[in-house]
Amino acid sequence: MPELPLLSLIIFLPLAGVPVLMLLQNSMTVRWAALGITVADFLLATWSLLAFDPSTHAMQFQENLDWVPTLGISYAVGVDGISVLFVFLTALLGWICVLASWVAIDTRVKTFMITLLVMQTLMLGVFCALDLFMFYVFWEAMLIPMYMIIGVWGGSNRVYAAFKFFLYTLAGSLLFLVGILVLYFDGGRTFDILALMEQKYDFSVQAWVFLAFLVAFAVKVPMVPVHTWLPDAHVQAPTAGSIILAGVLLKMGAYGFLRFSLPMLPDASQYFAPLVVAMSAIAIVYGGFLALAQEDLKKLIAYSSVSHMGFVTLGLFTFNANGLNGAVLQMFNHGITTGALFLFVGLIYERTHTRQIADYGGLMKIVPIYTLFLGLFSLASMAVPGTNGFVGELLVLSGAFGASMITGAVAILGAMLGAAYMLRLIRRVALGPVVEIGSSPLWDLSSREIAGTLPLATFVFWVGFYPAPFLEILGPSLDHLLAQVTGR
Amino acid sequence: MDKQLIIQSILVSSPEIIVIFGACLTLLVALTKNKHQMAILTGLSLTVVAAAASASVMLSATTQTAYGGTFVVDGFANFFKTVIYLVTALTLLMSGRYLMEEGIAEGEYHALILFALSGMMIMVSGRDLLVIYMGLELQALAFYVLAGYLRHDPRSNEAALKYVILGAVSSGIFLYGFSLVYGLTGTTELTGLSQALSAEPFSEPALILAIIFLVTGLIFKVGAVPFHMWVPDVYEGAPTPITAYLSVASKAAAFAIILRIFLDALSPVAGIWIDAVIAISVLTMAIGSFVALVQTNIKRMLAYSSIAHAGFALLGIIAGDQDGVASVMLYLLIYSFMNLGIFAIVVMMRSGDVRGDKIEDYAGLAAIHPIWALLTLIFLFSLAGIPPTAGFFAKFYILVALVQKGYVGLAVIAVLLSAVAAYFYIRIVMLMYMKPASRRFTLALTPALRLVLIIAGIGTVGIGLAPSWFLDQAQSAVFTNYLP
């Protein structure tokens with residue numbers, strides 16, 4: 001019986017929806033169609049997660065077709081425990097992005113939804129790709145829709161932010177491309193990711209390629225000092241753009257480390273680990289302090305992302321099981337929590353058209369449901385026990401202390417900063433005397449908005465109280481990765 | 001030469017003969033005054049191109065030589081001829097309305113395009129420096145006139161004058177170079193040249209001098225630094241369809257002879273020219289990319305962009321083996337689609353009183369004409385080399401050839417410079433999508449122009465998604481007698 005090409009379906013379903021959307025005229029039907037397509041895609045992704053066999057690190061649901069056989073390029077997809085989780089996260093955030101844009105996007109709705117669907121296909125393709133060329137094509141092609149999302153539907157300074165995003169990422173990616181080609185010729189003229197992992201490269205090759213990859217992934221994560229595009233892009237992007245950026249795009253840098261740097265270049269990863277750890281530590285502390293000083297809600301969350309992603313890269317380069325598990329879980333958590341926080345900033349911005357923290361106060365008394373959820377996600381972001389952030393951060397911290405006392409201490413400092421800026425945010429926005437904003441009274445969350453919020457809140461608690469299923473799925477794949485990077 | 005050989009030669013060169021006769025016929029038809037003259041001339045020219053293409057198809061089975069080995073029809077020549085036929089047909093299709101808009105819809109325009117076509121066909125089939133030179137001059141003469149075809153426009157006059165003078169100087173330099181080569185080796189035939197050059201170690205200054213002259217003459221033709229000064233002025237002044245034609249077909253033919261001369265005849269002495277070509281390539285990419293950043297006229301910007309692309313294509317010549325040659329060929333094929341596409345957009349913007357060649361003129365296009373804006377976006381991202389467009393694969397394959405030969409540093413420089421170049425392409429995307437329209441758009445769209453845009457769009461997206469077949473065609477069309 002021919003197997004159902006499940007992953008191809010997941011990847012290309014949103015793209016297949018594009019011609020459908022093109023035929024529709026009414027903005028409202030366009031919205032519903034986009035929602036239908038992304039929800040269907042989410043169901044497919046859920047199916048793949050349920051059908052996933054968590055007992056092995058092997059790639060599952062594999063498909064393999066020749067693409068450019070002369071150069072050893074194929075269309076190859078498959079998922080292991082790491083990528084299946086991110087496929088799921090991407091598909092989940094997909095329809096939440098559609099809901100988040102329901103009223104926020106009121107110009108060129110059709111073009112926006114089409115761009116969003118194209119983006120969805122490209123992101124899913126990145127996580128499923130088992131061919132390095134294909135990975136690169138999807139990875140790089142994402143620049144086009146993301147550039148449009150920020151540049152066309154963004155805030156007042158959107159053009160500058162879009163350019164900055166585009167050029168930073170492009171410059172990094174192109175070095176990645178040269179690194180890929182070096183691996184290609186050194187690894188026996190194949191772009192097959194699994195075959196390339198089996199190769200043993202000379203240390204000098206590993207070192208150069210590692211540095212080229214580091215630039216590309218560090219821009220994407222983003223790590224200090226190449227993080228400066230992020231606050232601009234986040235602040236200017238529409239809510240859906242921010243959710244995609246924080247929820248999925250930032251994960252791709254870390255995913256690149258996981259998928260390529262660690263298993264393919266283990267010696268160089270060990271050698272350069274102190275550098276990456278130092279960069280991560282700086283990102284954790286520096287990002288935290290910057291977040292503490294922000295007066296703009298989106299900027300605050302953007303810098304908190306820099307700090308949180310610092311935890312992720314720190315965990316990756318501790319090279320122990322706790323650190324790795326924590327890092328990947330934290331990637332997932334950050335996607336949920338920060339995605340939700342950007343959603344909530346977007347929700348209040350739609351009502352008040354201001355993002356200044358100073359313009360808010362006493363929201364608790366005006367919009368209690370909104371504030372309840374905002375508080376929940378803020379607590380998750382500062383890793384309070386019982387939320388998803390706690391599990392991830394605890395694992396990373398124990399990994400960090402396992403690696404060295406100093407990195408552990410820095411990470412602890414970062415965690416404390418996280419509590420400081422998030423509590424400050426809550427105190428000023430939700431508590432205190434009511435500040436009148438504009439003339440019309442605020443209204444609380446609508447059922448559409450709650451529908452977009454509930455799944456995210458579910459995952460906050462689920463991972464917080466019972467992370468076992470997630471760690472089970474990740475387990476074998478991360479053990480295998482650890483064996484690859486530490487040399488069995 | 002006996003009768004048999006003469007007939008054989010005529011048969012092998014029948015596509016060129018068809019085009020030249022067709023050009024003469026077009027001249028005659030242009031004398032008749034008729035309401036539908038433009039349509040008739042366009043149809044006639046397209047028929048001539050189609051007839052020549054069918055003749056080429058019939059000749060494509062085997063490699064055949066003619067005129068005592070100075071002229072050859074091989075896979076390499078046929079690959080380039082296919083590109084040039086296609087570009088010629090698309091240029092003819094996009095010209096009609098533009099000539100009306102500019103009020104120059106008359107006479108010998110079509111005949112000149114066909115003469116240029118025949119010149120380029122002779123170039124790519126030439127296996128002897130003299131034949132190549134003849135083709136080169138034939139197409140150049142036609143282009144000199146075509147560049148100045150907008151007689152009422154001083155910029156067009158300036159373009160033609162500059163092109164004639166600088167073109168003549170470069171031809172003279174090239175001619176002098178190969179007279180020296182002839183003096184040293186006693187032959188102008190490419191294979192003989194390569195044998196003579198590999199037979200004995202030439203290190204005498206005369207050879208170095210000869211090669212410098214040859215390189216200079218050829219580099220001028222592709223508009224590489226430091227002989228790129230004519231490109232922006234000619235591109236800006238010439239009628240837009242001619243600029244498109246010049247930037248694509250003429251460049252492809254020039255690269256064909258560069259490939260043949262450098263990697264066939266001159267490959268034994270590669271040590272002499274390779275460092276110079278590396279320097280020229282890097283400088284060309286750098287100057288093309290950086291100067292394009294500050295342009296306000298789209299035709300000038302595209303001129304610098306084409307300079308940068310020429311620099312990138314030269315990288316394939318540096319790589320030099322089978323992959324190197326194939327990568328340049330594939331690059332030119334893809335470049336033809338995307339560059340012709342973007343020039344067709346510039347033609348589309350020329351309507352009535354609106355010149356449409358300011359970059360600012362594109363502001364807000366997407367809000368009013370989303371389909372054409374999307375197509376422009378595809379061409380621009382392809383020129384910038386962003387996947388999944390064909391422009392990415394073109395650059396990718398050149399990088400493959402380059403890294404294979406160990407030029408990793410050069411590859412890094414090349415990709416960083418293309419990141420610079422990306423800026424000025426996406427600046428137009430930004431204007432189209434992110435700025436409000438400052439005026440009403442009247443687009444000079446005709447069915448023929450729509451067809452051109454659609455073909456170029458399909459080529460730009462299609463080769464990007466399914467490059468395999470085109471890659472194999474290019475690889476199997478590489479001439480075999482190059483030395484590694």
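A:His353 sits in the loop between α14 (321–352) and α15 (363–366) of chain A; helices (H or I, at least four residues) are DSSP runs numbered from the N terminus. Its phi is near 60°, a positive value in a residue other than glycine. With 10 C-beta neighbours inside 10 Å, A:His353 counts as exposed; a residue is exposed if 12 or fewer other C-beta atoms lie within 10 Å of its own, buried if 20 or more do, and partly exposed in between, with C-beta atoms placed from the backbone.

This is a predicted model, in which local features need pLDDT of at least 70, side-chain atom pairs count only at pLDDT 80 or more, and totals for chains, interfaces and linings use all residues. Residues are numbered from 1 along each chain as its sequence is written, and chains are lettered from A and ligands numbered from 1 in the order in which they are written.

**Backbone features in loops**

- A:Ala383 also has a positive phi in a residue other than glycine, near 65°.
- The loop that holds A:Ala383 runs between α16 (368–381) and α17 (388–403) of chain A.
- A:Ala383 is buried, with 26 other C-beta atoms within 10 Å.
- A:Val221 and A:Pro222 are joined by a cis peptide bond with omega of about -10°, and A:Pro222 belongs to the loop between α9 (203–220) and α10 (229–236) of chain A.
- In chain B, a cis peptide bond links B:Pro387 to B:Pro388, with omega of about 5°; B:Pro388 is in the loop between α16 and α17 of that chain.

**Helix pairs in chain A**

- Helix α12 (residues 266–292) and helix α13 (residues 297–316) of chain A have axes that come within 7 Å and cross at roughly 155°; axes are lines fitted to C-alpha atoms, for helices over the stretch in contact, and angles run from 0 to 180 degrees between N-to-C directions.
- α12(A) and α13(A) are therefore roughly antiparallel to each other, a term for angles over 145 degrees, while those under 35 count as roughly parallel, 65 to 115 as roughly perpendicular and the rest as oblique.
- The α12(A)–α13(A) crossing is left-handed, that is, the near helix is turned anticlockwise from the far one by less than a right angle.
- Residues in this contact include A:Val276, A:Ser280, A:Ile284 and A:Gly287 of α12(A), and A:Leu300, A:Tyr303, A:Ser307 and A:Phe311 of α13(A); two residues are in contact if their C-beta atoms, placed from the backbone, lie within 7 Å.
- The contact of α12(A) with α13(A) has 13 nonpolar, seven polar and no charged residues; Ala, Val, Leu, Ile, Met, Phe, Trp, Tyr, Cys and Pro count as nonpolar, Asp, Glu, Lys and Arg as charged, and the others, Gly among them, as polar.
- The axes of α14(A) and α16(A) come within 9 Å and cross at roughly 145°, and this crossing is left-handed.
- A:Thr337, A:Ala340, A:Leu341, A:Phe344 and A:Leu347 of α14(A) meet A:Tyr370, A:Phe373, A:Leu374, A:Phe377, A:Ala380 and A:Ser381 of α16(A).
- That contact of α14(A) with α16(A) comprises nine nonpolar, two polar and no charged residues.

**Helix pair in chain B**

- Helix α5 (residues 109–125) and helix α11 (residues 240–265) of chain B have axes that come within 8 Å and cross at roughly 20°.
- This angle makes α5(B) roughly parallel to α11(B), and their crossing is left-handed.
- From α5(B), B:Ile113, B:Met120, B:Met123 and B:Val124 take part, facing residues of α11(B) that include B:Tyr245, B:Ala249, B:Ser250 and B:Ala253.
- By class, the contact of α5(B) with α11(B) holds nine nonpolar, one polar and no charged residues.

**Nonpolar core**

- The largest nonpolar core has 403 residues, and those touching the most other members are A:Val87, B:Ile84, B:Ala253, B:Leu330, B:Ile334, B:Ala344 and B:Leu380; such a core is a set of buried Ala, Val, Leu, Ile, Met, Phe, Trp, Tyr and Cys residues joined through C-beta atoms within 7 Å.
- Helix α14 (residues 322–349) of chain B gives the largest share of this core, 21 residues.
- Beyond its neighbours within four places in sequence, A:Val87 contacts A:Ile10, A:Ala45, A:Ser48, A:Val79, A:Leu124, A:Phe127 and A:Cys128.

**Contact between the chains**

- The contact takes 28 residues from chain A and 27 residues from chain B.
- On the side of chain B that touches chain A, α16 (370–384), α17 (390–404), α18 (408–434) and α20 (468–476) each supply at least two residues, and α18(B) gives the most, with 13 residues.
- The residues on this side of chain B divide into 22 nonpolar, four polar and one charged.
- A:Tyr147, in helix α6 (residues 143–153) of chain A, touches B:Ile426 as well as A:Ala162, A:Phe165 and A:Phe166, not counting residues up to four places away in sequence.
- A:Tyr147 is buried, with 27 other C-beta atoms within 10 Å.
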